[in-house]
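Me: Hi! I've got a structure open and would like to go through a few spots with you. Could you help me read it?

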Amino acid sequence: MIEARHLRVLRAVASTGSFSAAGRELGCTQPAVSQQMKALEASVGTPLLVRTGREMRLTQAGEALVRHAAGIIAGLTAAEEEVAAIAGLRAGRVRLVSFPSGSSTLVPTALAALRAAHPGTRVFLEEAEPPNSVELLREGDCDVALAFRYEGAAGAEEWDDLVVRPLLTDRLVALVPEGHRLARTEGSVAIGELARESWIAGCPRCRGQLVEVCEGAGFTPRIDFATDDYPAVAGLVGAGLGVAVLPQLAVDSVRPRGVRTVALEPAVRREIVALTLPDLAQVPAVTATLDELARAGARQSAAP
């Protein structure tokens, strides 16, 4: 019989390439990892790993087992959590992955409400941008992932295997220095009016969206600076070094100085969602986290 603990060890060996590195990741010794791998190979009746130099390589059977391991572990975790809740343990654990602007706006509000309503539930937060956050979810390394996708972007089916909880719709806005000719504009401006400006670009996905929108308006932006750090983007704009386009949620997370926001036409929006696996959606702690994230998204949408 295949045991979940053996699958977790196999995944660690596959990702790190050695028994000793897997042991460090799992907090156990190299001999313990070796013993568990021998037990797993005995259970399945075929070799799963072969040594090549200093590293371990998966056999075809090992690759197949690793491919199925994430779903198996997620299903077992869901079962353990749900049984504990039914048994009256009144406790839960949720591993949440969020992109940075979500971590500083939606997540604090949601987790504060979750702690007040369910003080026994523990949430562990890590940061990752999509699609990495979505991959962590599929691999079983988190329970809930905050992600986003732009309206009209290709690959709308990429979340078909997941439970999708919409949180809010986030609009892109332009950031210009306070002394900029468009800083006092009432209403929105066409992005083409910024065609001759120097640009500061944000995260890779937002950067790609910026180029796509600008090219749709008939120009290619001259990007002088690029950084994944939103405060740095706002600081560069505030210093008069260029203009930028960021999601409103990112602007709210920074509260920039020396900068004005200007609405853009055509409007570009991104959908902010919370994702989980179908099995995990049945876990009470995960359901409560999704509910609080949805409420936080509603409050963020209603804020002036």
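Me: Thanks! Let's start with Arg-222: how accessible is it?
Reply: Arg-222 counts as partly exposed, because its relative accessibility is 47%. Here buried means under 20% relative accessible area, exposed means over 50%, and partly exposed is in between (1.4 Å probe, protein chains only). A word on the model: it is predicted, so local features need pLDDT of at least 70, side-chain atom pairs count only at pLDDT 80 or more, and totals for chains, interfaces and linings use all residues. Residues are numbered from 1 along each chain as its sequence is written, and side-chain values use heavy atoms, with hydrogens and water left out.

Me: Good to know. Which side chain does Arg-222 meet in a salt bridge?
Reply: That would be Asp-224, at 3.2 Å from N to O. A salt bridge is a side-chain nitrogen of Lys or Arg within 4 Å of a carboxyl oxygen of Asp or Glu. Asp-224 is partly exposed, because its relative accessibility is 36%.

Me: And how many salt bridges are there in the whole structure?
Reply: A search finds twelve. One of them joins the side chains of Glu-271 and Arg-149, at 3.3 Å from N to O. This pair links distant parts of the chain, 122 residues apart: Glu-271 is in strand β12 (residues 269-276) and Arg-149 is in strand β5 (residues 144-150). Helices (H or I, at least four residues) and strands (E, at least two) are DSSP runs, numbered from the N terminus.

Me: Is Arg-149 buried or exposed?
Reply: Arg-149 is buried, because its relative accessible area is 19%. Glu-271 counts as partly exposed, because it has 25% relative accessibility.

Me: What about Arg-181, which side chain does it meet?
Reply: Arg-181 meets Glu-197 in a salt bridge, at 3.3 Å from N to O. The two are 16 residues apart, with Arg-181 in the loop between β6 (163-177) and β7 (188-190), and Glu-197 in the loop between β7 and β8 (198-201). Arg-181 counts as exposed because its relative accessibility is 54%, while Glu-197 counts as buried because its value is 17%.

Me: Switching to helices: at what angle do α1 and α2 pack?
Reply: Helix α1 (residues 4-16) and helix α2 (residues 19-26) pack at about 120°, with their axes 8 Å apart. That makes α1 oblique to α2. Axes are lines fitted to C-alpha atoms, for helices over the stretch in contact, and angles run from 0 to 180 degrees between N-to-C directions. Under 35 degrees counts as roughly parallel, over 145 as roughly antiparallel, 65 to 115 as roughly perpendicular, and the rest as oblique.

Me: Which residues meet there?
Reply: Val-9, Ala-12, Val-13, Ser-15 and Thr-16 in α1 meet Phe-19, Ala-21, Ala-22, Glu-25 and Leu-26 in α2. Contact means heavy atoms within 4.5 Å.

Me: Last one, Asp-143. Where is it found?
Reply: Asp-143 is in the loop between α7 (132-138) and β5. It is buried, because its relative accessible area is 2%.

Me: What is Asp-143 in contact with?
Reply: Leaving aside neighbours within four places in sequence, Asp-143 is in contact with Arg-93, Val-94, Arg-95, Leu-137, Leu-275, Thr-276, Leu-280 and Val-286.
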